[in-house]
Structures are given as C-alpha cells and as structure tokens.
Amino acid sequence: MPVINSGDTAFILICTALVCMMTPALALFYGGLVKQRNVLSIMMQNFICMGVVGVIWVFGGFSLVFGPSVGGVIGDIGTYFGMYHVGIRPNPEFADNIPFIMIFAYQMMFAIITPALMTGSFVGRFRFTAYLLFVAFWTILVYLPVAHWIWGGGFLARLGVVDFAGGIVIHASAGFSALVAARFLGASARVQGEKKEQPASLPLVAVGAGLLWFGWFGFNAGGAYAADALAAYAFTNTMLAGAVAMLVWLAWEWLESGRPSFSGVLVGAVTGLATITPAAGYVEPTAALAIGAIGASVCFNAKYVQSWLKIDDTLEVWRAHGVGGVTGALLIGVLASSHINAVSAGWHQLGVQALALVIVAVYAIVITLILLKILDAAGILRVPAEEQIRGLDEEMHGETAFSLWNMKN
C-alpha cells in the first residue's frame, strides 16, 4: 500500500494555495490596468471563475482530464465524476506519496485561472451573463480536452509532447482564444478624441504582479508533486526567468521610448514567468536565464504583429501569454537537459512541441469562435457602445471601485 509522505504532502498543500492565490492576484493585476469605470467588472470576471470552474471540476472536469483515456482524445467521465474514487489514498499513476485528493485540488487551480487569463483581452465588451456561459463551455470544450491530450495521457502525450506547468495547456490555449475573442467583439467604444486608456491604479498592478510572481513558485515547482530536486530546479528557474525578463523588457522599452515605465517592468516580469512555465522542469538554470531574455524580447516585439492584425486586445493577453507560452514550449526542444527530467533537446522534441502548439492553437481558435457566434446569435454577447463608454461597473453591477472623493472616471 502506498505510504503518504508528510513533507511532500505539505509542499503540495502550499503550492495549491499559492496557485489558488494567483486568480485573485490576476484580478488585482488586470483591475489596476483598466480604467476606473471597469475595475470591478474585470475583477468579478476573474473571481467568478473560481466558482464556475470549481464546480465543473468536481462534476466531470477532473475525470475528463485524468480519467482513463478514450481514444487519446478525452478521459472517461465516469471514473472520477463527483469525486468518486478521489480520496486520501495515493494514486501511483500520478504520485505515490501524496493523497490523490491533492492532485485533484492542485490541478483544479490550473483549470480555474486559465479562462480568467482571457478577460484582459475584451475589457468592457462582454456581457456578464454571456461571460458565465462562455467560461463554462470554453472550460468543457477547450481546456479539458487540451489538458487531457498533454497531461492526461492523450494523443499528444503519446507523441512525446511535454509541458511542465502549462505553457501549451494554459497560456497558449487562453492566449489564442483571447485574440479571437478580442477580434470578434471589435474595438472598444471610446469617446471621440479620448486619449489612450490609462491604468486605474499602478500600485494595484504592482500588488497583483508581486502576488502572481509569488504564486508562480507554486504554479511551477508544484509540478514535481514532491519537495525534491526537480521542484528546486523549477522553483529557481521561475525566479531567474522572471528577473531577467524584467530587465530585458525594460531595456527594449527604454531604447524605444527613451524612458522606462513601471507598468512595463511589471508586464515584462510576467512575460518571463509565462515563458518559463512549460520549460521550468526541463532546463538548467542557465537556460532559464536565456528563456527569460528570449521570452521578453519576443513578447515585446510581438506588438508589431498585433498592430498589423489591428485587434483591440485591451491588456495584450495574446502578446504576453499566448506568445510567451508558445516561445517557452518551443525552447524545450532547444534547451531541455536530460539531466533535469529525462527530456532532451533535439529536432524530434522541437518538432512534436511545434505540432502540439499548432493543434492546440487551431482547436482553441475554432471552438472559441463557434461559442462566440452562438452567444452573439442569441443576442446576449456584446455590450452596447453607450454602455462601454459609461463603463460596466455601475451599468452592470451597480457598484464602483473607488468611492474616495467620489472618483468615478
């Protein structure tokens, strides 16, 4: 009978709490970046994922990802439905030293934050009722199958595709879906002559970014499912990639605009963290430095592609998460070391990583577009232009983020 290791269990408990914290941290990060009139609406969109996705995860979600594979496409829904057979007894198929229920809880936090990432792309344009339906069906139709393909023993895993903590499963799927959603909803309505959108509160952004970085240690290191050498590598790689990405982004911005910005420093760090995510448990720390630098450079210059596409991705979710996830996943094929986790860099690994990214991106785009078309046909998707201009906080929720001195802008 498998024996529970108290140290490893305590480690995963902490990592699970850290990843859980990342969704409220994301709410702070996004909430500080938008205009004051939309702060609460985007924060609510983030927080509500904890409820919607959490319930889905219990009633079929976990089983569809980690249940016995049905043709390599999806897990068997009945195996763990309603937490059936999910208890404290370790499951050697996943980790033989921690309670199986911690695998359930830890992975649930990943499922929750993934749709929340998309909210920054369509600020002020998505009706809340439609958003609830979108999150539910996107999670079921996009996240769960993609997670099974790579993490649940699906067909991509059988090809040799690896993704340590979600560069493909989370960042690429959400990033490309966000781009499609922003394109489908169109540009945000603005008052004629209105200046570029200014952040509601950069200190709030800083708090969110700091908590995201803190939580990212659990996000990446927890993938080892043990307090061991692999977790130590993932933990250290996370710190190094975020640190160097912050500096490289700062350099690019300073060179281009002639001055550094605080928001740029914070976003730069997040791009590095997103880029190292898929590779955190496969590369040496020196490679993590390179990944952070490359990730920041690619994500920074992806703005020219986004400008060419003429898509109003409000908080540039695709640029930071989609491009970052793609870059990190590809760099596994270039920089992975078999000394870390039995995955070696090479043309074969690079090829299967690229194939997985194409499949996941195309699948996410197609399903997202179908969901948006259905919601639009039902007449519940778009926020009218006049409501966008007034903001969603009071219009849709009857509240304001800042009441001090009657600030409403």
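1. Glu316 has a relative accessible area of 29% and is therefore partly exposed, the classes being buried under 20%, exposed over 50% and partly exposed in between, with a 1.4 Å probe and protein chains only. Its side chain meets that of Arg319 in a salt bridge at 2.4 Å, N to O, a salt bridge being a side-chain nitrogen of Lys or Arg within 4 Å of a carboxyl oxygen of Asp or Glu. Arg319, at 6% relative accessibility, counts as buried.

2. This is a predicted model, in which local features need pLDDT of at least 70 and side-chain atom pairs count only at pLDDT 80 or more, while totals for chains, interfaces and linings use all residues. Residues are numbered from 1 along each chain as its sequence is written, and side-chain values use heavy atoms, with hydrogens and water left out.

3. The structure holds 4 salt bridges. One of them joins Arg127 to Glu387, with the closest N and O atoms 3.9 Å apart; the two residues lie 260 residues apart, Arg127 in the loop between helix H3 and helix H4 and Glu387 in helix H15, where helices are DSSP runs (H or I, at least four residues) and strands are runs of E of at least two, numbered from the N terminus. Glu387 is buried at 16%, whereas Arg127 is partly exposed at 25%.

4. Ser188, in the loop between helix H6 and helix H7, counts as buried at 15% relative accessibility. Leaving aside neighbours within four places in sequence, Ser188 is in contact (heavy atoms within 4.5 Å) with residues including Asp312 and Gln388.
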